[in-house]
Amino acid sequence: MNPILGRIAVGFVLCLISFIAYTSQIFVIWPWYGREWSIELLQLLVPFNILVAILFYNYYLCVTTDPGTVPPGWKPDTHSDGYEVKKLTGEPRYCRMCQCYKPPRTHHCRDCNRCVLRMDHHCPWINNCVGHHNYSHFLRFLFYVDVACSYHLAMVGKRTLDAMSGNYFWASVHIEPTATELVITIMNFVACVPVLLAVGGFSIYHLFNLLGNSTTIEGFEKDKVATMIRKGQIQEVKFPYDLGRMRNIKAVLGDNPLFWCWPQRMPGNGLKFELAHHAEDEEEKKYKHTSHEHQVWPPRDPDSVGRPKIDLSASPFTYGNDTLNPELQPTNLRRRSFNGRGPPAHALPPYHPDYQEGYFVGEDGSWDESDEVCSEGDVPDGRVRVRRGSEGYEVKPQSREDMLRRYIEELGEDPYRYNRYEPEPFTESEEESDDDNIPLARVAATDKNV
């Protein structure tokens, strides 16, 4: 993402949070309470401003905290469990762009142009990647956005109901809203409701990822693996970093539940992660990536495996290792001798490399020697002879007379019943005859006069 566009996005988020947080207090809540300080007003606004302050601080940490990158010269320990390998070669994962090895759960970000530890996604609204060191800040930022927006809607909504019904609940006196207050109230609803819906849905998705100890990228991988399992392409595979819900939360937010909502970094260095222990089940031991024979994550897609290329020879008569195709035989070149009604056919076409004079196919399919050769015109029924094989089709050409004869035979008529009409040749004596050149009208008039 362009750095200028990223800074514009960050500025837009700051302006949006400030607009929702402070215009509602200055133009809606403060006039509602008669523009005077009171205990009720402080009880209403102090918790809201604390939420807004923590929200801003977590957003600042998301933007400024480095998500984590691979240390220079880092190499995986291939003698311990937990390092990830390539699917094809079984070697440790290596980034060609950064020229370094990839620790587990590390991916290359094209926007940041670097490898990010435990990469979740690149967020344009913070102009930064969400990785190992700022993922917990990102989760807390989403949480405080949801809580602050809900608190804001409760305040502004209660003021709206009070103005519509004319009742007093929080304020000491009932004050009719001004035109400015109405406009700001509508703008707050328009700005806050979409933010709460969008961020709320995103928070629910990341809550499920937190319970499963997975990132957004790994969530897509788990969906793909589930699809392959459902189609029967691979066997069931368990996610290797799923430690259980409570341990998954502690792996991200810390061991002490009292400080889960307090800004703090994610435990660990992002170079190695604890694996799920399946020592009892031999099949689940595969998820420890200690060798190429063990199961890697994500599993290899069978459809992506390249099929071996078949080297087809240029000759249509070769099969396998430059041998003749045993199935390459004429199929309807009169393989039988027409039950005694005609001569047999050649066993092979004349252009075949093993063609020899005098070899024919008998009634039982065997090759016999004979002195007779089946010519193209010896087919008694006149049908087109077609030899099917790997080299294609061979069709005997037909003349117009043959096609006309076949058509008459299909109609059930004798083709020799009709005589062929041939016009007489033109002679000079006919040209000299004047009677033939007289129009019929003149001839009829002459006969009438006579």
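This is a predicted model: local features need pLDDT of at least 70, side-chain atom pairs count only at pLDDT 80 or more; totals for chains, interfaces and linings use all residues.
A residue is called buried when under 20% of its relative accessible area is left uncovered, exposed when the value is over 50%, and partly exposed in between.

**Helical spans and a surface patch**

According to the unreviewed UniProt entry, the annotation "transmembrane region" covers residues 6–29, 41–60 and 182–208. In the model, residues 6–29 are 100% helix and 0% strand, with end C-alpha atoms 34 Å apart, and residues 41–60 are likewise 100% helix and 0% strand, with their end C-alpha atoms 28 Å apart.

V46 belongs to helix α2, which runs over residues 39–64. Because its relative accessibility is 41%, V46 counts as partly exposed. Together with W37, I39, L42 and I50, V46 forms a nonpolar patch on the surface, and these residues have about 530 Å² of accessible area together.

**Cysteines without disulfides**

A disulfide is a covalent bond between the sulfur atoms of two cysteines. How many disulfides does the structure hold? It holds zero. C98, for instance, is in no disulfide, and its nearest cysteine sulfur belongs to C115. For C112, the closest cysteine sulfur is in C129, and the separation of 3.5 Å is too far for a bond, because a disulfide requires the two sulfur atoms to be within 2.5 Å.

Conventions:
Residues are numbered from 1 along each chain as its sequence is written. Side-chain values use heavy atoms; hydrogens and water are left out. UniProt positions are given in the numbering used here, feature names are shortened, and annotations may be inferred rather than shown by experiment. Helices (H or I, at least four residues) and strands (E, at least two) are DSSP runs, numbered from the N terminus. Patches are made of residues with over 30% relative accessible area and no salt bridge: like charges are joined within 9 Å, nonpolar side chains (Val, Leu, Ile, Met, Phe, Trp, Tyr) within 5 Å. Accessible areas come from the Shrake-Rupley method with a 1.4 Å probe; for residues, only the protein chains shown count as cover. A salt bridge is a side-chain nitrogen of Lys or Arg within 4 Å of a carboxyl oxygen of Asp or Glu. Buried means under 20% relative accessible area, exposed over 50%, partly exposed in between (1.4 Å probe, protein chains only).
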